[in-house]
Amino acid sequence: MSDDDGEDTSPEGVLLKGEDNAAKRIKAERENRGWSTTTLSDRLNEAGYEMNPSAVWRIENGKRRINLDEAIGFAEVFGVSLSNLVGPPALAAAGRAMELIDTVVAANAAAQRAQHAARRATAELAAYLDEHPDIREEADVMVSNAIAENTMKINQEEFGPPPQP
């Protein structure tokens, strides 16, 4: 997708420009704090990341690439995550949005791992019950009841107790 200027505005294009995003973000973070390039350089040096003011300016203006150690240093000095620093500037400027995005992505990954684990466990139980058909009915009832009980417990934690008639 392109805008009228021919610039790529697709989400994938924005997300994959980490160095450009970092450069814009570094400049914005520095300016938002009212720091000069010298002040930012001093803070990086104090944090153990050697950087002179000229290098800060060159990074901010796309005249010099930023290496991973430097990106980590900038993130540390600004108190943001590395993914926040290299994220799309419009989202990164709203730091809470990046935090929430990180939370959604982590929760989704955990849910995916849990779904895979549940499928494996279900398949293992099914294979076992294929070998022991005499206990299948009791096992199915036990699994069904335990899942229902857990679902009710989670729903009560999330939404509170069900309304009383």
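Trp-35 and Phe-78 are both buried, where buried means under 20% relative accessible area, exposed over 50% and partly exposed in between, using a 1.4 Å probe and protein chains only. This is a predicted model, in which local features need pLDDT of at least 70 and side-chain atom pairs count only at pLDDT 80 or more, while totals for chains, interfaces and linings use all residues. Residues are numbered from 1 along each chain as its sequence is written, and side-chain values use heavy atoms, leaving out hydrogens and water.

## The aromatic cluster

Rings of Phe, Tyr and Trp (its six-membered ring) pair if their centres lie within 6.5 Å; planes under 30 degrees apart count as stacked, over 60 as edge-to-face and the rest as tilted. By this rule there are 2 aromatic pairs. Trp-35 and Phe-78 make a stacked one, at 6.1 Å centre to centre with 25° between the planes. Trp-35 sits in the loop between H2 and H3 while Phe-78 belongs to helix H5, so this pair ties together parts that are 43 residues apart in sequence. (Helices are DSSP runs of H or I with at least four residues, strands are runs of E with at least two, and both are numbered from the N terminus.)

Phe-74 and Phe-78 are stacked as well, with 6.3 Å centre to centre and 25° between the planes. These two lie 4 residues apart in helix H5, which puts about one helical turn between them. Together, Trp-35, Phe-74 and Phe-78 form one aromatic cluster.

Arg-33 lies over the face of Trp-35, at 5.4 Å from the ring centre; for this, NZ of Lys or CZ of Arg must be within 6 Å of the ring centre and within 35 degrees of the ring normal.

## Helix H5 and its surroundings

Helix H5 covers residues 68-78, and its buried residues include Glu-70, Gly-73 and Val-77. The buried residues of H5 pack against H2, H3 (37-46), H4 (53-60) and H6 (82-86). At the start of H5, a side-chain oxygen of Asn-67 comes to within 3.0 Å of the backbone nitrogen of Asp-69. After H5 comes Gly-79, with a positive phi near 70°.

## A buried arginine

Now look at Arg-30, in helix H2 (residues 18-32). Arg-30 is buried, with a relative accessible area of 10%. Leaving aside residues up to four places away in sequence, Arg-30 touches Trp-35, Ser-36, Thr-37, Leu-40, Val-56, Glu-60 and Phe-78, contact meaning heavy atoms within 4.5 Å.

With Glu-60, the side chain of Arg-30 makes a side-chain polar contact of 2.6 Å. A polar contact is a pair of N or O atoms within 3.5 Å; within protein, one must be able to donate a hydrogen and the other to accept it, and residues adjacent in sequence count only if both atoms are side-chain atoms.
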